[in-house]
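Thanks for making time this morning. I would like to walk you through one model, and I will ask you to keep the structure in view while I talk.

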Amino acid sequence: MEKLKNGFRFTRVILLIVLSVIFNSCLSGSHIDKELFYIPNGIKGNISILFNCKDGKPKKWKDGKRLYEIPISGVLKTQFKENIGRLSFEEDGIPFKVEKYREYAQFFYVDENYKPIKKINYVPYFGPYYVSYIIKNQINVTGTNNVIGFGNEKEEYSSSDYLLFFGGTLDYKKVDLTNKTKQDWLRIENWDTYDYRNN
């Protein structure tokens, strides 16, 4: 009987350790991959990452982070799965959350050889607070890793979408990255050839 009790206690301790590791992993956000976005210089407007595409670019990593090399169309089809999950924050407050998002997602303009030439200011969306993080007189980018599903009669996609905008020109009330325009579909269909620069 004593051996059974000891065995039960040992099993319970192991279970608690496993649950603790899982719980702490969720709190730290480590279940979400960090991401690098390499965007051709000159692109403005919305960019889209389309996940689970068999005809997409193979997975690519840099310094332990997902590397998304966006084509000149502003649309990347990738074989990566959705980077879903939720960042949890050890501290409260908008400044801490903004820094956490900026740690997990970084955006760069690149040259024709996909060498970074300029970091783009990332402005995660937090209602009226976003204005404080915009850098005027230069390009900013906004959005999160939220995944949306969309499609037409031929294809279904899941994507994360971001918006590159100049200075204080952004009006969040008018931003809608979920409804695709005819131009968006043209870019998706010709994702590896369509030129969206200086659009």
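Predicted model: local features only at pLDDT ≥ 70, side-chain atom pairs only at ≥ 80, totals over all residues.

Tyr-114 counts as partly exposed at 21% relative accessibility, where buried means under 20% relative accessible area, exposed means over 50% and partly exposed lies in between, with a 1.4 Å probe and protein chains only. Tyr-114 lies in the loop between β6 and β7 (116-122), and strands here are DSSP runs of E with at least two residues, while helices are runs of H or I with at least four, numbered from the N terminus. Although Tyr-114 is not a glycine, it has a positive phi of about 60°. Most residues other than glycine have a negative phi.

Residues are numbered from 1 along each chain as its sequence is written, and side-chain values use heavy atoms, with hydrogens and water left out.

Asn-137 also has a positive phi, of about 65°, and is not a glycine. Asn-137 is found in the loop between β7 and β8 (139-143), and with a relative accessible area of 67% Asn-137 is exposed.

Let me turn to the aromatic rings. Rings of Phe, Tyr and Trp (for Trp, its six-membered ring) pair if their centres lie within 6.5 Å, and planes under 30 degrees apart count as stacked, over 60 as edge-to-face and the rest as tilted. By this rule the count comes to ten aromatic pairs. One of them is the stacked pair of Phe-37 and Phe-107, at 4.2 Å centre to centre with 15° between the planes. This pair links distant parts of the chain, since Phe-37 is in strand β1 (residues 35-40) and Phe-107 is in strand β6 (residues 105-110), 70 residues apart. Phe-37 is buried at a relative accessible area of 1%, and Phe-107 is buried at 0%.

Tyr-38 and Phe-108 form an edge-to-face pair, 6.1 Å centre to centre with 85° between the planes. Here too strand β1, with Tyr-38, is linked to strand β6, with Phe-108, across 70 residues. Tyr-38 is buried, with a relative accessible area of 6%, and Phe-108 counts as buried at 17%.

Which residues have the most contacts inside the largest nonpolar core? This core has 33 residues, and the ones in question are Phe-37, Ile-39, Tyr-68, Phe-107, Ile-120 and Leu-164; a nonpolar core is a set of buried Ala, Val, Leu, Ile, Met, Phe, Trp, Tyr and Cys residues joined through side-chain atoms within 4.5 Å. Apart from it lies another core of nine residues, including Tyr-133 and Leu-163.

Finally, helix α3 (residues 182-189) has Asp-184, Trp-185, Arg-187 and Ile-188 as buried residues. Because these cover an arc of only 160° around the axis, they are on the same side of α3, the arc being that of the directions from the helix axis to the C-beta atoms. The face turned away from the buried side of α3 carries the exposed residues Lys-182 and Glu-189. The buried residues of α3 pack against β2 (45-50), β5 (75-77), β9 (148-151) and β10 (156-166), with contact meaning heavy atoms within 4.5 Å.
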